[in-house]
Amino acid sequence: MIKIENLIKEYNLVEVVNIPSLTFEFGESIGLVGNNGAGKTTLFSMLLDLIAPSKGTIYSKDTSVASSEEWKSYTASFLDETFLIDYLTAEEYFEFVGRVRGVSVEQIKSQVSEYSSFFNGEVLGQKKYIRDFSKGNQKKIGIVGCFIGNPELVVLDEPFANLDPTTQIRLKELIRRKMEDRKMTIIVSSHDLQHTFDISDRVILMEKGKVVKDVNKASGSFDELMEYFNQ
């Protein structure tokens, strides 16, 4: 579904991403892990055409994301709170997202209601603007907004950050449920190695902009990843 070829991003002649080749298949759950400065968010920004690569190409369904907007119709993402519309209520935001994706108001309400345990009574019906929610609840709103309309590709940057332990567990369950029928590709970046490993088919370890390990969970182990960080 996603193919990366000869991708390089430079700032002031310093390479922050250098990935010769990388492919994400449709229906996979992918985890990106790495220390600060690994290039995960920069990679996501290029994948979503928010910044241009210095060299190379990212393809979504064999079409360059930089030369076409076709990928936007089946892609959803949440990198940080700037992706939200902070002067809307949560319900207004979900309705806006749903309408953009061609989902009826009734379907939006039905889909949002499926996440009541994830919201834990802290989001819906609060009658306040998104900007007035805590960082954790803003993140919940952004994550659920991604799943409205069941897009084929979901990109989440640090989804476990700012969430309490109970909500982190519920988020893992949510992602696992979404992956049951393999009709969606989910790419998650996180500093939390254990959570990322738990929800992913593959875990890709990045360091200083390069892929240093690509571990298939079916054949690889969590210890294999831990050994790298214990060096």
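1. How many nonpolar, polar and charged residues does the lining of the largest cavity have? It has six nonpolar, no polar and no charged residues (Ala, Val, Leu, Ile, Met, Phe, Trp, Tyr, Cys and Pro count as nonpolar, Asp, Glu, Lys and Arg as charged, the others, Gly among them, as polar).

2. The model is predicted: local features need pLDDT of at least 70, side-chain atom pairs count only at pLDDT 80 or more, and totals for chains, interfaces and linings use all residues. Residues are numbered from 1 along each chain as its sequence is written, and side-chain values use heavy atoms, with hydrogens and water left out.

3. The largest cavity holds about 30 Å³ of space. On a 1 Å grid over the protein atoms alone, a cavity is a set of points where a 1.4 Å probe fits but cannot get out; a pocket is an open set with protein on both sides within 12 Å along at least five of seven lines; lining residues have an atom within 4 Å of a point. Ile 2, Ile 4, Phe 24, Leu 43, Leu 47 and Ile 58 line the largest cavity.

4. The largest pocket has a volume of about 540 Å³. Of its 20 lining residues, Lys 72, Thr 75, Ala 76, Ser 77 and Arg 101 are the closest to its centre. The lining divides into 12 nonpolar, five polar and three charged residues.

5. The axes (lines fitted to C-alpha atoms, for helices over the stretch in contact, with angles from 0 to 180 degrees between N-to-C directions) of helix 2 and helix 5 come within 10 Å and cross at roughly 25°. Helices are DSSP runs (H or I, at least four residues), numbered from the N terminus. Helix 2 is therefore roughly parallel to helix 5 (angles under 35 degrees).

Note on methods: Grid points are joined across faces, edges and corners, and a volume is the space filled by probe spheres set on the points. Helices (H or I, at least four residues) and strands (E, at least two) are DSSP runs, numbered from the N terminus. Angles under 35 degrees count as roughly parallel, over 145 as roughly antiparallel, 65 to 115 as roughly perpendicular and the rest as oblique.
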